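Me: I'm new to this one and would like to go through it slowly. Could you show it to me before we start?

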Amino acid sequence: MSRFTLPRDIYHGKGCLEELKNLQGKKAILVVGGSSMKKQGFLDKAIDYLKESGMEVSLFEGVEPDPSVETVMKGAKAMQDFEPDWIVSMGGGSPIDAAKAMWTFYEYPDTKFEDLITPFGFPQLRKKAHFCAIPTTSGTATEVTAFSVITDYNTGVKYPLADFNITPDVAIVDPELVAALPVKQVAYTGMDALTHAIEAYVSTLNSPFSDPLAVKAIEMVVDYLPASYKGNQDAREQMHYAQCLAGMAFSNALLGITHSMAHKTGAAFSTGHIPHGCANAIYLPYVIEYNAKDETARTRYADIARAIGLEGHSERSLINALCDIIRKYNKTFNIPATLKDYGIDETEFKEKIANISQLAVDDACTGSNPRTIDAANMEKLFNCIYYGTEVDF
């Protein structure tokens with residue numbers, strides 16, 4: 001038996017942020033990250049809509065990119081003090097991911113972070129509160145997913161927490177909130193969405209329910225991301241919807257080793273944080289080349305290539321065309337082709353990559369990758385990505 005889970009309600013379209021005033025409750029805590037939504041006036045709008053619904057509102061601000069365990073615990077304490085019956089989070093993936101984890105510790109204060117690392121082992125939620133997610137970037141799709149990524153900065157490891165319990169009850173997908181996204185964020189989050197959809201389609205847990213969502217998301221990203229990057233607002237609106245479709249697909253089909261690798265390298269090097277979408281974009285063509293040595297994966301990658309109008313006389317040539325278009329997009333969006341080009345120090349890479357490789361193999365996303373991988377082959381794959389060499393194993 002398989003399961004397919006989505007939010008109860010997904011509101012989409014310009015101005016749908018106003019749906020906040022229709023939430024039914026007594027208290028709402030609003031979890032946000034930086035100041036962009038405040039500067040653009042959307043934070044005040046959200047607060048006013050929640051108050052218009054008749055709720056008392058508390059604000060938890062300052063969730064950092066790649067939210068930490070410490071931030072999660074601080075937010076959970078704020079929730080325990082305020083006792084909301086609605087948790088509303090507005091922002092990119094980080095505030096929404098953090099709020100999902102806060103939700104769990106709010107409802108179960110005695111839970112330890114270590115208890116949540118095992119996929120699909122969360123306690124039953126909605127004893128105290130429901131959850132509404134409002135994305136302000138077009139990539140993570142955490143507003144419709146059963147995932148939350150939290151970073152332990154003591155170890156530098158990102159933990160993808162996974163459980164259908166943390167799928168939001170309501171998602172508000174308002175394209176007005178992404179109209180002013182910086183182009184670098186448009187590129188990184190757009191390539192993250194593409195990676196979500198491709199990995200969902202080739203995942204070992206793909207299904208007739210997830211496949212149409214994944215393929216449609218891929219088609220939309222290919223159609224609209226370049227124009228969105230150039231500032232076309234119609235294209236940016238469509239990208240906001242495309243990433244949401246990709247999220248619905250991967251939340252149920254799960255992901256693969258592109259994400260496993262990105263999770264374990266994001267905070268691993270002294271060069272600085274590698275943005276998640278940027279890492280996915282760098283790794284994706286190499287991972288496709290690795291996975292395509294599996295017959296089933298090869299066929300499904302070729303299906304993707306055909307769906308977006310690529311040509312080839314064989315599955316191999318179609319997959320080459322798919323990798324080429326990803327690399328072309330990366331070049332257009334000023335995303336490096338290799339980890340060396342990104343600026344990762346070679347000596348540090350060599351010192352750390354064995355441990356990183358084992359962590360990536362152990363990541364929750366590895367289990368649904370279409371081709372199995374061990375630590376030795378993961379290290380070989382990382383070396384291909386560092387130096388830009390052919391994946392020939």
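Me: How do the residues of the lining of the largest pocket divide into nonpolar, polar and charged?

Reply: That lining divides into 19 nonpolar, 24 polar and six charged residues, where Ala, Val, Leu, Ile, Met, Phe, Trp, Tyr, Cys and Pro count as nonpolar, Asp, Glu, Lys and Arg as charged, and the others, Gly among them, as polar. Please keep in mind that this is a predicted model, in which local features need pLDDT of at least 70 and side-chain atom pairs count only at pLDDT 80 or more, while totals for chains, interfaces and linings use all residues. Residues are numbered from 1 along each chain as its sequence is written, and side-chain values use heavy atoms, with hydrogens and water left out.

Me: What volume does the largest pocket have, and which residues are closest to its centre?

Reply: The volume of the largest pocket is about 1,100 Å³. Its lining has 49 residues, and the closest to the centre are Gly92, Gly93, Ser94, Thr140 and Gln185. On a 1 Å grid over the protein atoms alone, a pocket is an open set of points with protein on both sides within 12 Å along at least five of seven lines, a cavity is a set where a 1.4 Å probe fits but cannot get out, and lining residues have an atom within 4 Å of a point. Grid points are joined across faces, edges and corners, and a volume is the space filled by probe spheres set on the points.

Me: Which element gives the most to that pocket's lining?

Reply: H5 gives the most, with six residues. H5 covers 183–202, and other elements that give two or more residues include strand S4 (86–91), helix H4 (93–107) and helix H8 (257–265). Helices (H or I, at least four residues) and strands (E, at least two) are DSSP runs, numbered from the N terminus.

Me: And the second largest pocket, what lies nearest its centre?

Reply: Ser2, Arg3, Phe4, Leu205 and Asn252 lie nearest the centre, out of 15 lining residues. The second largest pocket has a volume of about 230 Å³, and its lining divides into eight nonpolar, six polar and one charged.

Me: How many cavities are there?

Reply: The structure holds two cavities of 30 Å³ or more. The largest has a volume of about 50 Å³, and it is lined by Ser138, Leu181, Val186, Thr189, Gly190, Leu225, Ser228, Arg236 and Met239. H5 again has the largest share of this lining, three residues, and helix H6 (211–229) and helix H7 (233–253) also supply at least two each.

Me: What classes of residue line the second largest cavity?

Reply: That lining has nine nonpolar residues, with no polar and no charged ones. They are Leu194, Ile198, Ile218, Val222, Ile308, Leu322, Ile325, Ile326 and Tyr329, and they surround about 40 Å³ of space. Here H11 gives the most, with four residues.

Me: Let's step back to the whole chain. Why does its radius of gyration agree with a compact globule?

Reply: With 393 residues, a compact globule would have a radius of gyration near 21 Å, and the chain has 20 Å, so the two agree. The radius is taken over C-alpha atoms, and the globule rule is 2.2 Å times the number of residues to the power 0.38. The chain has 14 helices and eight strands, and its C-alpha trace spans about 60 × 45 × 40 Å along its principal axes.

Me: Is Asp363 buried or exposed?

Reply: Asp363 is buried because its relative accessible area is 5%, where buried means under 20%, exposed over 50% and partly exposed in between (1.4 Å probe, protein chains only). Asp363 sits in the loop between helix H13 (346–362) and helix H14 (375–387). Leaving aside neighbours within four places in sequence, Asp363 is in contact (heavy atoms within 4.5 Å) with Lys158, Pro160, Ser260, His263 and Lys264.

Me: What about Ala307, which residues does it touch?

Reply: Not counting residues up to four places away in sequence, Ala307 touches Val215 and Glu219. Ala307 lies in helix H10 (residues 295–307) and counts as partly exposed, because its relative accessibility is 33%.
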